[in-house]
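Colleague: I have not looked at this one before. Can you put it up and take a few questions?

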Amino acid sequence: MDRHIITFAWWFGLISLSLCLVNPAAAQVDQQRAEAYFKEAATICQRDGGRLWGVSLCGPMVFADVRTRTLATNQPRPAGEWPRVLGFTNAPLEWGGSRWVAYMWDFTTALPTPRARREFMLHELFHRIQPDLGLITLSGQNAHLDTVEGRVWLRFEWRALARALGQSGEDRKRAVSDAAAFRLKRRSQFANAAENERVEEIREGLAQYTGIVATAATRPEAVASTIEHLAAAEGHETFLQQSYATGTAYGILLDDASADWRRRVRSDSDLGQMLMSALDVTPVANAVEASARYGGVELRAAEQTRDEQRRARLLELRNRFVDGPGLLVPSGGGVTFNAVGATPIPGAGTVFVLPYRVRGDWGTLEATKGVLINEDGTRRLPGPVRIEGANVTGDGWTVTVARGWTIRSGPRSVDYQIIRDPQ
């Protein structure tokens, strides 16, 4: 079954739009460079020696570029055809009876620093062993984190966690108590928020925690990296991927508070609750009063200004992707996209504005100026739509329709849709 995977590295921030316009010759996998990356990952895995999770992080790795059909592996590659999603995703996949970790070559080489690359590689290697650890969870629906109240209280929590990481003893406990209050305040305002956030912190937060801790040569380096990521997270356009920063911070703090927490954590655990229990702290009584210690007035004013700008942007996106003509593309397929700048449209779905690529039974899609992912998983591309045989194009997107599929009129007279050929 094809998996719908977000290839979003929060520590990287913006992925250049040029990734989808790169010269194919320059995009092909460089075997010598790939070998150096494999050695980096192997050195880190061997240094960890199973210390973090009781099992080795090492495993089969493959770098692939789908446009040039080139790849590099750290083990002999299986015979036969590539897995269909190879080159489209950063994620584990089954290949030749083994679980590999696949990396998009252009994504990997675009990371800004060697440390970011190493953290990224180890993040994905953790996902490879995650099912064996019993730490797989479903994706949480966290659209509330892009509301004013969701963002305000999440930023306060991040700031309190950063302060806790930089302190010790009673000062650390006070900062954790503040973070817990901000967390509780946010979650109390949105239905199912606690569960939706929790599952993401287990699924992605633990992966990023592993990438940072395994990569860091020393404990202070891991702490400094986490504080840096918490600060950077506040600058992201969207907070939909909050789990990376929050889960990492709680994991680092748990390392000091409870040496065996990694042996006790389960898929139904709440990392915040585990930390409060380990430190024997409770949320501070007045979250609003505590927020003043973290720039409360200025932070809220900035979020309210952002919300006004967001509303204008939302109207623009709705006019383009929902109300105007367009092409409906089926769900499913191997997908790669970046969630930075993603904007939820209530009742319609989410617009992803950075490069988006997908290959499915119905064909292929590449978009550089945005695509709307409807709530049922189908995609919507803005018109006008130009059809030339199996090739369909629009402003900033190209679709190639596979054999056995065809283009027909959509549910509305102004729309088109891709469906199986009834003949």
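Colleague: How many salt bridges does the structure hold?

Modeller: There are 42 salt bridges. Keep in mind that this is a predicted model.

Colleague: Which residue does D256 form a salt bridge with?

Modeller: D256 pairs with R172, and their closest N and O atoms are 2.9 Å apart. The pair links distant parts of the chain, with D256 in helix 9 and R172 in helix 6, 84 residues apart.

Colleague: Is R172 buried or exposed?

Modeller: R172 counts as buried, at 12% relative accessibility. D256 is partly exposed, with a relative accessible area of 46%.

Colleague: And what about R67, which residue is its salt bridge with?

Modeller: That one is with D65, the closest N and O atoms being 3.3 Å apart. D65 is buried at 2% relative accessible area, while R67 is partly exposed at 30%.

Colleague: Which residues are linked in a network of salt bridges?

Modeller: The network links E157, R183, R186, R187, E197, E201 and D270.

Colleague: Changing topic: at what angle do helix 9 and helix 11 pack?

Modeller: The angle is about 25 degrees, and the axes are 9 Å apart. So helix 9 is roughly parallel to helix 11. Their crossing is left-handed.

Colleague: Which residues make the contact?

Modeller: Helix 9 brings G247, Y250, L253, L254 and A257. From helix 11 come L271, G272, M274, L275, A278 and L279.

Colleague: How do the residues of that contact divide into nonpolar, polar and charged?

Modeller: Nine are nonpolar, two are polar and none is charged.

Note on methods: Residues are numbered from 1 along each chain as its sequence is written. This is a predicted model: local features need pLDDT of at least 70, side-chain atom pairs count only at pLDDT 80 or more; totals for chains, interfaces and linings use all residues. Side-chain values use heavy atoms; hydrogens and water are left out. Axes are lines fitted to C-alpha atoms, for helices over the stretch in contact, and angles run from 0 to 180 degrees between N-to-C directions. Helices (H or I, at least four residues) and strands (E, at least two) are DSSP runs, numbered from the N terminus. Angles under 35 degrees count as roughly parallel, over 145 as roughly antiparallel, 65 to 115 as roughly perpendicular and the rest as oblique. A crossing is left-handed if the near helix is turned anticlockwise from the far one by less than a right angle, and right-handed if clockwise. Contact means heavy atoms within 4.5 Å. Ala, Val, Leu, Ile, Met, Phe, Trp, Tyr, Cys and Pro count as nonpolar, Asp, Glu, Lys and Arg as charged, and the others, Gly among them, as polar. A salt bridge is a side-chain nitrogen of Lys or Arg within 4 Å of a carboxyl oxygen of Asp or Glu. Buried means under 20% relative accessible area, exposed over 50%, partly exposed in between (1.4 Å probe, protein chains only).
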